[in-house]
Amino acid sequence: MKKLSTILLLLILGQCLYAQQLLTTRTDKNKFPLVDLNPAAIYVDSTDDWLVNKVATLLQTDIARITGKMPAIIHDIADAPEHLVIIGTENSAAIKTLVRNKKADYSGLKGKWETYRIHTIQSPFPQVEKALVITGSDKRGTAYGVLELSRQAGVSPWYWWADVPVKKQATIFIKSSSWQSTTPSVKYRGIFINDEAPAFANWTKEKFGGFNHKVYEHMFELLLRLKANYLWPAMWGNAFNDDDTLNPVIADKWGIVMGSSHHEPMLRAHDEWRRYGNGPWNYVKNEATLRDFWRKGIMRMRNHESIVTIGMRGDGDEPMTEGTATALLERIVKDQRQIITDITGKPAAATPQLWALYKEVQDYYDKGMRVPDDVTLLLCDDNWGNIRKLPHPGETVRGGGYGIYYHFDYVGDPRNYKWINTNNIARVWEQMHLAKAYGADRIWIVNVGDLKPMEFPISFFLEYAWDTNRWQEDNLRDYYTQWAAEQFGAAYAKQIGEIQRLYGQYAARRKPELLNADTYSLTAYNEAARVLHEWESLQAVTEKLYKNIPPAHKDACFQLVLHPVKANTIVHQLYYAVAMNRQLAARQDSGANAWADKAKQLYISDSLLSKEYNQLADGKWNHMMDQTHIGYTYWQQPDYNSMPAVTYVSTHQPTPTTPPSTNDTSRYFSLPAARYSKAVNSAGITWKVIPDIGRTGDGITTFPVTRTVPLSKNSPCLEYVINSPDTGLITITALISPTLDFTGGKGLKYGISVDNETPVVMSLHENGDWNKWVADNILRPVTSHRLHTAGRHIIRYWMISPAVVLQQLVVDAGGLQETYLPPPATGSR
Ligand code: REL
């Protein structure tokens with residue numbers, strides 16, 4: 001019996017945890033009327049935390065925005081009407097009374113991090129018939145609960161940052177029940193505003209007068225609405241603590257944990273050293289000055305929740321001088337921790353710290369440098385979304401744990417990408433899922449450039465960090481529609497979700513900054529025209545949607561949906577026109593001239609589109625699209641966009657409108673990985689498709705991602721059948737996502753065999769050019785095999801390492817032409 005009731009309790013609890021739909025309809029007789037004819041009042045204890053009082057006012061204005069009815073805020077239960085929303089932490093007088101009178105039991109929140117409970121209580125106080133209580137294990141937990149309610153009632157976290165209209169309704173009813181949130185999967189979840197000139201910097205200068213608390217306050221609110229808690233502030237010529245002394249004070253009130261980037265130790269901005277530093281940024285030559293400089297960072301931290309970056313890199317994001325000794329760095333860390341101890345008066349371990357294993361710093365770690373156990377090791381991606389290192393399974397027990405620093409935007413080799421969003425969330429999911437599976441879950445921070453236009457991947461990154469169980473490979477596609485529904489309503493969810501899904505896949509093929517007229521082949525398999533057609537079709541669908549969407553949604557739809565599609569389409573049209581021009585001009589064909597004119601028009605269209613963005617919402621986002629993106633000659637951005645060179649010819653030849661197609665005599669099979677003939681799972685390892693992760697479709701990999709087995713004839717494998725008319729040599733190119741060997745080994749491996757041959761074992765990383773992998777966003781290992789007979793053959797792709805995501809196999813049986821993307825899928829033929 002006891003067992004049965006435990007099971008029942010677990011089932012009910014399970015429902016509480018996952019049944020997170022708070023809203024109900026008027027006909028539900030158990031409902032709580034948040035707003036019926038009148039709004040319920042909101043109670044908050046004025047002595048409760050500032051943030052709790054703040055979110056009470058946010059809820060108040062959110063409700064007013066939704067329904068046009070402004071709820072009263074009361075601070076004394078004696079003033080309560082019959083329906084009351086109670087917001088508070090355990091310090092709230094009303095919450096204490098409820099517990100004391102056994103009307104509620106919040107022991108399930110005790111000691112938890114950022115966890116909240118939302119429930120209704122019948123007759124909690126004499127004059128109150130029903131109350132809706134939102135309480136958290138701490139101030140942020142309480143805030144997240146309140147903002148979750150707002151969000152479900154119709155206020156998107158992006159209502160200000162992307163002009164998403166509030167969903168108007170006359171009434172709001174809440175289900176009578178009890179929900180307790182999960183405790184966040186990742187403790188510190190945040191963003192890094194970086195590479196912020198020219199766009200964000202010019203925008204904020206014009207709108208707010210710089211990076212001051214007025215602009216940061218909008219950011220803090222956004223972060224809380226997205227259930228984030230952590231920020232690395234802008235640092236390109238900006239210094240959070242120095243630019244406006246209210247910045248850190250307001251951050252602390254909003255409950256935002258502040259840090260500084262990976263190369264700005266001790267909470268001091270790089271720009272502060274430029275402003276006030278004395279002598280070289282070199283610990284051997286200038287130790288005392290540096291110590292003073294850092295001391296100020298910790299003094300200024302006061303009791304504001306912070307994560308202190310420790311360690312030291314060279315001046316301005318450069319490596320330390322060559323030959324910097326591990327011993328020196330260890331001494332620096334020791335001295336920095338002594339400063340923390342001296343100034344806080346507590347052991348250093350009482351202040352959260354991180355050491356970022358960014359770029360060359362990881363080498364120090366790999367060569368044996370260690371920092372004390374309480375420091376979080378912030379592992380990093382390669383700046384291109386591929387995680388470089390993860391803890392070994394079983395290595396995760398370390399006081400400070402591990403975290404990840406990830407990029408949606410970057411300045412550096414092989415090219416800056418800071419104009420528009422090019423992040424495919426399927427890949428973000430796959431990499432961050434790895435991070436979680438291997439135990440890197442203390443901090444997740446992502447470089448988001450100017451913040452706009454990264455709204456969509458930011459939402460995903462932070463929501464996934466909040467609950468890594470919520471999104472798996474088999475429901476990832478729902479994220480697109482869920483997000484679209486939240487911004488644009490259920491009526492547009494499917495359509496916009498589908499646009500976002502295709503956009504993410506197309507845009508991740510190559511950063512626009514790396515595109516040129518030669519990226520896609522004009523001739524081989526009609527590649528350039530096919531790619532362009534995909535963009536133009538997506539644009540047509542998006543334009544139609546934009547035309548039909550209600551006027552109130554147009555600004556948001558432009559920013560979040562139409563602009564990125566159009567911007568990419570124009571750039572692809574431009575390079576296609578330039579390619580056509582060059583090809584025809586090379587033949588002295590006067591058809592080249594029309595393409596040159598077209599290219600010029602497209603170049604102008606590009607700048608007009610940026611202008612349209614900047615003028616949107618009466619110029620609210622002026623400068624946000626100032627980033628240059630055409631005319632790169634090396635990694636660094638050009639100062640100005642420049643028109644790619646086109647040529648005019650003066651002869652009079654006919655004007656072809658399509659590229660001359662070459663005679664395709666190539667014999668090949670292009671096999672999308674997810675369309676295997678057979679998947680062999682074994683030893684508890686299962687093949688699963690990750691939808692949309694590939695450059696042209698899905699990808700496939702093995703789960704659990706932490707498991708592997710030595711290669712044998714029983715290993716997990718995928719089979720692909722081809723029917724070859726010939727015998728002879730073939731090559732097989734495996735198109736694989738550019739995952740790095742995060743295990744610290746020499747390269748992730750797979751095996752490949754044809755029929756009964758011994759599998760060829762391929763290492764993905766031993767040879768190759770990282771610049772090309774990331775620019776092309778693919779690995780292309782090639783193996784050779786011999787077909788001894790014509791007819792049916794089985795290609796087997798063998799799992800050796802986990803986390804290898806196969807996108808496509810391309811079998812060349814003779815004459816395969818070179819293309820950027822795989823040739824069109826053939827299946828067996
Ligand atoms: O993307 C990165 O992590 C770094 O290159 C930047 O953090 C770096 O601070 C750069 O913006 C300038 O210093």
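**A walk through the salt bridges, helices and domains**

The side chains of Glu473 and Lys688 meet in a salt bridge, with 3.6 Å from N to O. Glu473 sits in the loop between α14 (455-466) and α15 (476-488), while Lys688 belongs to strand β20 (residues 686-690), so this pair ties together parts that are 215 residues apart in sequence. Glu473 counts as buried because its relative accessibility is 8%. Lys688, at 32%, counts as partly exposed. Salt bridges with shared partners also join Asp242, Asp243, Asp271, Arg274 and Arg275 into one network. Keep in mind that this is a predicted model.

By the rule used here, the salt bridges number 41. Two further pairs deserve a look. One is Arg295 with Asp292, whose side chains meet at 2.7 Å, N to O. Both residues lie in helix α10 (residues 283-301), three residues apart, so about one helical turn separates them. Arg295 is partly exposed, at 30% relative accessibility. Asp292 is partly exposed too, at 47%.

The other pair is Glu455 with Lys452. Their side chains form a salt bridge of 2.9 Å, N to O. Here both partners are buried.

Now step back to the domains. The domain assignment gives four: domain 1 (16-180), domain 2 (191-472), domain 3 (474-662) and domain 4 (668-812). Take domain 2 and domain 4. Their centres, taken over C-alpha atoms, are 36 Å apart. Even so, 20 residues of domain 2 are in contact with 22 residues of domain 4. The area buried between these two domains is about 1,700 Å², and carbon and sulfur atoms give 67% of it. On the side of domain 2 that touches domain 4 there are nine nonpolar, five polar and six charged residues.

Turn next to helix α5 (residues 199-208). Its buried residues are Ala199, Phe200, Ala201, Trp203, Thr204 and Phe208. These buried residues pack against α6 (213-225). After α5 comes Gly209, which has a positive phi, near 80 degrees.

One last stop is Ala586, in helix α18 (residues 551-586). Is Ala586 buried or exposed? Ala586 is exposed, because its relative accessible area is 66%, and the cut-off for exposed is over 50%. Its C-alpha atom is separated by 39 Å from that of Pro453, a residue 133 residues away along the chain.

Terms used: Residues are numbered from 1 along each chain as its sequence is written. This is a predicted model: local features need pLDDT of at least 70, side-chain atom pairs count only at pLDDT 80 or more; totals for chains, interfaces and linings use all residues. Side-chain values use heavy atoms; hydrogens and water are left out. Domain bounds come from an automatic or database domain assignment. Contact means heavy atoms within 4.5 Å. Buried area is the accessible area (1.4 Å probe) that two parts lose on being put together, summed over both. Ala, Val, Leu, Ile, Met, Phe, Trp, Tyr, Cys and Pro count as nonpolar, Asp, Glu, Lys and Arg as charged, and the others, Gly among them, as polar. Buried means under 20% relative accessible area, exposed over 50%, partly exposed in between (1.4 Å probe, protein chains only). Helices (H or I, at least four residues) and strands (E, at least two) are DSSP runs, numbered from the N terminus. A salt bridge is a side-chain nitrogen of Lys or Arg within 4 Å of a carboxyl oxygen of Asp or Glu.
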